[in-house]
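Open the model in your viewer and keep the sequence panel beside it. The stops below say what to select and what is there.

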Amino acid sequence: MTSRLQSSGIAALSFTLSAAVLALALVLAGAAVVSKIERRKVDGSPLPFYSIGFIVVLVAILIAFSMGLLSL
């Protein structure tokens, strides 16, 4: 019985940490896109398509993960 409790606690911790890492990656990617867009206003650099695409992928993974579509 104890091992079942320990494994469910580990699973909950793993879920929480995975969601936290995904959220942190999303925040950092968002900050990078904002920074690149601000720089784009100054020097006319191209739109950061890959960074925006990365945010879209992260949001899709976070939604799928929170809905339980992805299992650990």
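Buried means under 20% relative accessible area, exposed means over 50%, and partly exposed covers the values in between. By that scale Leu70, at 40%, is partly exposed. The coordinates come from a predicted model.

**Whole chain**

Show the protein chain as a cartoon. Its secondary structure consists of two helices and zero strands. Colour the 72 residues by burial, and 14% of them come out as buried. For contacts between residues at least 6 apart in sequence, 62% join residues at least 24 apart.

How many salt bridges does a search of the whole structure find? The search finds two.

Select Glu38 and Lys41 and show their side chains. These residues form a salt bridge in which the closest N and O atoms are 3.3 Å apart. Both belong to helix 1, which runs over residues 2-43, and they sit three residues apart, about one turn of the helix. Glu38 has 43% relative accessibility and counts as partly exposed. Lys41 has a relative accessible area of 62%, which is over the 50% cut-off, so Lys41 is exposed.

Next select Arg39 and Asp43. Their side chains meet in a salt bridge with an N to O distance of 4.0 Å. Because Arg39 and Asp43 are four residues apart in helix 1, about one helical turn separates them. Arg39 is partly exposed at 44% relative accessibility, and Asp43 is partly exposed too, at 48%.

Phe15 lies in helix 1 and Phe65 in helix 2, so the pair ties together parts that are 50 residues apart in sequence.

Are the two partners buried or partly exposed? Phe15 has a relative accessible area of 37% and is partly exposed. Phe65, at 6%, falls under the 20% cut-off and therefore counts as buried.

**Helix 2**

Select residues 49-66, which make up helix 2. At 1.5 Å a residue, its 18 residues should span 26 Å, and the C-alpha atoms at its ends are 26 Å apart, so the two values agree. Now pick out the buried residues of this helix: Ser51, Ile55, Leu58, Ala64 and Phe65.

**After helix 2**

Gly68 takes a positive phi of about 85°. Leu70 is in the segment after helix 2 as well.

Conventions:
Residues numbered from 1 in each chain as written. Predicted model: local features only at pLDDT ≥ 70, side-chain atom pairs only at ≥ 80, totals over all residues. Heavy atoms only, no water. Buried < 20%, exposed > 50% of the residue type's maximum accessible area, 1.4 Å probe, protein only. Contact = heavy atoms within 4.5 Å. Expected span 1.5 Å × (residues − 1).
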